Amino acid sequence: MDQIFYIDLMEVHNKDELQELLEDELPLPDYYGRNLDAFNDVLTECGSEWNIIFYNSKFAEYRLGKYFDAFKRLCAEACEEVKGLRIRFYP
């Protein structure tokens, strides 16, 4: 059964805040490294039943720029690799 996570990106102003939000909203392991490589590891190891919906993403995209582009690309690649993982971004 899918676990559905709704994550509001409205108040994300920098990559540390994004990582904190991910820690708060997702069941990440205690050893989570708070970076994109660590997030990719978690998605590929634990995300097979996750349905993650990010909303208000346009604000984070504007504030984080290339970091957010890399984050979205990582999410798309993880979805291709992991059967059952769904990640969507809504403005």
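Buried residues have under 20% relative accessible area, exposed ones over 50%, and partly exposed ones fall in between (1.4 Å probe, protein chains only). The model is predicted: local features need pLDDT of at least 70, side-chain atom pairs count only at pLDDT 80 or more, and totals for chains, interfaces and linings use all residues. Residues are numbered from 1 along each chain as its sequence is written, and side-chain values use heavy atoms, without hydrogens and water.

**View 1. Glu20, Glu23 and Arg34 form one salt-bridge network.** A salt bridge places a side-chain nitrogen of Lys or Arg within 4 Å of a carboxyl oxygen of Asp or Glu. Glu20 pairs with Arg34, with the closest N and O atoms 3.7 Å apart. Glu20 sits in helix α1 (residues 15-25), and Arg34 in the loop between α1 and α2, 14 residues apart. Helices are DSSP runs (H or I, at least four residues), numbered from the N terminus. Glu20 is partly exposed at 38% relative accessible area. Arg34 is partly exposed too, at 35%. Glu23 also bridges to Arg34, at 3.6 Å between the closest N and O atoms.

**View 2. Glu61 forms a salt bridge with Lys72.** The closest N and O atoms are 4.0 Å apart. Glu61 lies in helix α3 (residues 57-64) and Lys72 in helix α4 (residues 66-81), so the pair ties together parts 11 residues apart in sequence. Glu61 is partly exposed, at 31%; Lys72 is partly exposed, at 28%.

**View 3. Helix α2 (residues 36-46) has buried residues Leu36, Ala38, Phe39, Val42 and Leu43.** They cover an arc of only 160° around the axis (directions from the axis to the C-beta atoms), which puts them on the same side of α2. Asp37 and Glu45 are exposed on the other side.

Note on methods:
Helices (H or I, at least four residues) and strands (E, at least two) are DSSP runs, numbered from the N terminus.
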